[in-house]
Amino acid sequence: MEGEDEDHEFLFNTSADQSFNKHERVIIHIDIDCFYAQVEMILNPSLRGKPLGIKQKNIVVTCNYEARALGVEKLMTIKSALEKCPSLILANGEDLKKYREMSEKIYQVLQSYSLFVEKLGFDENFIDVTHKVVKCPEVPQVITGHTFQDSDGICACGCTERLAQGSFIAQKMRDRLRDELGITSCAGIAFNKLLAKLIGTTHKPNQQTTLLSTSSLSLIKSLKHPRNIPGIGSAINRKLEALGIDTIEKLQSAEIFKLTEALGAKIANQIQQLSFGIDNSHVKITDRPKSIGAEDGFTPIRSEVEVQKKLTCLLDRVLELVEKDGRKPSQLKLTVRKLHPSSHSVRESRQTTIEYATETGSSTHQGPGGEKQKVKLMTTLKNLFEKIIDCDVSWQVTLLGISFSGFPSSNSASPVKNSINKYFHLKASSSRSEEPQPPAKRGRFDESVLQELPPDIRQEVLQDMQNQLPSSDAQKPTDFNCPKGIDPLVFYELPMEIREELLAEERMKKQTIKRKPNNLLQYFRKAS
Ligand code: DGT
Ligand code: MG
């Protein structure tokens, strides 16, 4: 999905660790073919094989490849599209819910391959599979799909083999998207995000292309104009044009002080690096929402019966979203906008802990279990409402909002049970002759201890570890996407779910409880 041109919002951050200038990473970029149109064709298979456009207001925001063959282009007005292709079928794409749901399913499939998935808009994802590649030497060494290589040179660092493995993984991912979701996509495989995104568009639809490192400069040069580099927006481009920079070559050879004068040092450096195909930014794991909710604004209501009606509708909507999300919330919040006699509005919220049953009898919360839960939640909401509004005096309300939060992975404020620490330390000391032992090999720690723990206990121990990080550490995430103080090599060797949990907890920095680091964390850090 093409984003807005925002000059100071770089998709590709070139200022990260310079060691990434080498070709050691394997990044896959996946972009779904004619995304909205595919979703519509899945929902209504009779549309398949016919030219289909998706309209929002008077624009065809996308169209399937049959329509493209007949001259329809993305972002055409409906009028021009119908002039080009009178047989074009138009589907309304203004309700984004179905696209959002498919986008989430795609993300889930990709996450089953690698923890490091960064979602970009609805239909694009970056996946860092470096750790998979190093661990799977048995994977074929030939490139799957197309190869972009316009010179005979082969890099000696081993990146060609790694990229070949990456292309094999990309094919597997795309096959699964097709088999499980009926979705076709394009992939680009390269040693950084910028190049992976660019190379993926060279063969469309339903194909994949791998860029060999020796050809990265020629790929960048083939873009011709700096504005074609993702991350260079229209305002930057205007400033470049004012400096007479209208080719990639000119940007490459521009004097940095001139660029700095016009754009500031940070942007000047970033865009010049991009013009050489250098992108050191890492794949940032996309966060799942910390809360799920909805609000409804309306003309003033004054009776509890009306409030109850509104809340019942809202609750139904939000429960559907919570069920789709699949996590179990532990907090429920009610927000109310009160209209005061002086006619100014005040928003107020109250939150409480809830017992949320996941087995409700049906996927839509309609079964007997679901009904029981809804009644309980409505009682809780009523109590919260009465904490905000004194129902004995006259009142008016113009908005109600419900949100669930406190999902397991984001619940860092939960107290750590002593028994868990004890269990963990017991296991830890029994697995080593003396406590603490120096690591046998730099870059390793005894992960078998964590592995042996039951999943729920392991989760809490990891939580505990993160809670005990000094908050200054937690507030400074590193460029490497690796918790501060841990050797990235050690981190990469950890089992995927442990890394995921450590990273998730790192992000909970603001709620981090300051405590003295425990033995394990010290050991872990020493090991790195
Ligand atoms: P592709 O990737 O060329 O096969 O075609 P799409 O349709 O997947 O295009 P893409 O990847 O740029 O965007 C993904 C979806 O996002 C697309 O299906 C419709 C929507 N979209 C793209 N650009 C715009 C836009 O400028 N405005 C709006 N409202 N929606 C857009
Ligand atoms: Mg797309």
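**The metal site and its neighbour**

Analyst: Three protein residues donate to the magnesium ion (ligand 2): D31 (OD), I32 (O) and D123 (OD), at 2.0 to 2.2 Å. Donors here are N, O and S atoms within 2.8 Å of the metal (3.2 Å for Na, K and Ca); water is not among the atoms, so sites may look incomplete. In sequence the donor residues read D-I-x90-D. The site has six donor atoms, with angles of 84 to 174 degrees, and is octahedral. That label needs opposite donors over 155 degrees apart and all other angles between 65 and 115.

This is a predicted model: local features need pLDDT of at least 70, side-chain atom pairs count only at pLDDT 80 or more, and totals for chains, interfaces and linings use all residues. Residues are numbered from 1 along each chain, chains are lettered from A and ligands numbered from 1 as written, and side-chain values use heavy atoms, without hydrogens or water.

Now ligand 1. Around it stand 17 residues, and C34, Q56, T62, Y65 and K204 come nearest. A residue counts as near if one of its heavy atoms lies within 4 Å. Polar contacts are pairs of N or O atoms within 3.5 Å. A polar side-chain atom of Q56 sits 2.7 Å from a nitrogen atom of ligand 1. For K204, a polar side-chain atom is 2.7 Å from an oxygen atom of the ligand. C34 uses a backbone N or O atom, 2.8 Å from a ligand oxygen atom. Alone, ligand 1 exposes 590 Å², and the protein buries 86% of that (Shrake-Rupley method, 1.4 Å probe).

Key. Polar contact = N/O pair within 3.5 Å; in protein donor to acceptor, adjacent residues only side chain to side chain. Tetrahedral: all angles 85-135°; square planar, octahedral: opposite > 155°, others 65-115°.
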